[in-house]
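We will start with the whole fold and then visit a few places inside it.

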Amino acid sequence: MESLSRHRAQIVSTHTPALFEAAVAQAAELLRAGQLVALPTETVYGLAANALDPKAVAAIFKVKGRPARNPIIVHVASVAMARRCVSHWPGLADKLAAAFWPGPLTLVLPRSDVIPDIVTAGGPTVGVRWPSHPFIQAVIRACDFPLAAPSANPSSRVSATTAEHVAKSLGDKIPLVVDGGQTSVGIESTVLDLSTSPPQLLRPGMVEAESLQALIGALVVPNHDAAKTEKEPASLRSPGLLKKHYAPRAKLVVWEWRDDLDLEHQIRNLGYPLRQVQVLAHTRIPRHGELGRVIVMARDPKAFARLFYTELHRCDDTAARLIVVETPPKNAGWHAIADRLRRAAAEE
Ligand code: TXA
Ligand code: MG
């Protein structure tokens, strides 16, 4: 298949108006021809294809090694375009779009006939999102069709927040990676199912449950304690809710510690040499000893989220065997980060 060429992807920059325009034209041309393009969004990099072309979308599943039952989000550049992808656009969707679009919120609604089966994994609903990143907006406008785009990473691994992350993991499978710099949100969009009543939060993100509730009232939020002990349900409401996801290669644990000695004691109990251990801390920063790397994370959740995946990629690049992340605060704002940590730390 053309889109699975063995050549390395071309990586193009967008940091001048001329480069931006040239990259939009090149990406749109490939997408019109049914090819895949990796491009920046404000959350994480996306692996995009023409959402109306089932063959092009099939290539996404192949390149990512994505299970066929996992539906793909459709990216649009206007409310009008979103409405063409769905068969029913409720008043709640209007309210949410006015408040949060363009931005990191995906709305799950009954699909329309223009959306091929493969995009929805055969299901009756489609996830739609109007991203705020100017590059993907310009490409969607140039193509004048919506873009199916999951995160641009091999299935179940850490999402890409830079073009280098994409090139490293998928660079030999796609023709083009567009470099829009480090993504500004840093973790994936909030996924909200509006096809049920009351609406259900399928994946927490930086558009928080509290903000959604304030706008739309009743909302079903997943129960994490149940998720921890439950087996995977046979049919998944949202496969992004898989227990193990967003995982680095190294083992990841989420711990609290009293002081350096307590932390080292916990690491030794697991049997890892300190030099092969990297620690992401935001409050009790280790100061002594032989740890491989100590990363000081922000105590503000937005700033933490922005760099979190980048730091996990760096841990893998520098051959960490164990990643210890300090338990995040329990208060609002940290919900989505706690969710990603839980899944990254889950056993298979
Ligand atoms: O921020 C994001 O959402 C990024 C950027 C590229 O837009 N995309 C992303 O896509 O994270 P992906 O495929 O890695 O995750 C999409 C999540 C999955 O958990 C999928 O199961 C869920 O959204 N999803 C998509 N369509 C759905 C639907 N119709 N019903 C339920 N869940 C859906
Ligand atoms: Mg993903």
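The protein chain holds twelve helices and 14 strands. Both are DSSP runs, numbered from the N terminus: helices are H or I with at least four residues, and strands are E with at least two. This is a predicted model, where local features need pLDDT of at least 70, side-chain atom pairs count only at pLDDT 80 or more, and totals for chains, interfaces and linings use all residues. Residues are numbered from 1 along each chain as its sequence is written, chains are lettered from A and ligands numbered from 1 in the order in which they are written, and side-chain values use heavy atoms, with hydrogens and water left out.

Start with the overall shape. The C-alpha atoms fill a box of roughly 60 × 50 × 40 Å, taken along the principal axes. The radius of gyration of the protein chain is 20 Å, which agrees with a compact globule, because 348 residues packed that way would give a value near 20 Å. That radius is taken over C-alpha atoms, and the globule rule is 2.2 Å times the number of residues to the power 0.38.

Now look at the packing. Of the 348 residues, 55% count as buried. Buried means under 20% relative accessible area, exposed means over 50%, and partly exposed lies in between (1.4 Å probe, protein chains only). Contacts tell a second story. A contact means heavy atoms within 4.5 Å. Among contacts with a separation of 6 or more, 67% join residues 24 or more positions apart.

Helix α2 covers residues 54-64. Which residues are buried in α2? They are Ala56, Val57, Ala59, Ile60, Phe61, Val63 and Lys64. Their cover includes β3 (46-50), α5 (117-120), β7 (147-148) and α7 (163-170). Check both ends of the helix. At the start of α2, a side-chain oxygen of Asp53 comes to within 3.0 Å of the backbone nitrogen of Lys55. After α2 comes Gly65, with a positive phi near 65°.

Next, find Thr106 in strand β5 (residues 105-110). Is Thr106 buried or exposed? Thr106 counts as buried, because its relative accessibility is 0%. Its side chain makes a polar contact with the side chain of Ser189, at 2.9 Å. A polar contact is a pair of N or O atoms within 3.5 Å; within protein, one must be able to donate a hydrogen and the other to accept it, and residues adjacent in sequence count only if both atoms are side-chain atoms. Leaving aside neighbours within four places in sequence, Thr106 is in contact with residues including Ile73, Gly127, Val128 and Thr190.

Gly186 sits in the loop between β8 (176-179) and β9 (190-193). What does Gly186 touch, not counting residues up to four places away in sequence? The list is Glu42, Thr43, Val44, Thr161, Ala305, Arg306 and Tyr309.

Finish with Arg299, in the loop between β13 (293-296) and α11 (301-317). Arg299 counts as exposed, because its relative accessibility is 60%. Not counting residues up to four places away in sequence, Arg299 touches His282, Thr283 and Trp334. With Thr283, the link is a polar contact between the two side chains, at 3.4 Å. Pro17 lies 282 residues from Arg299 along the chain, and their C-alpha atoms are separated by 35 Å.
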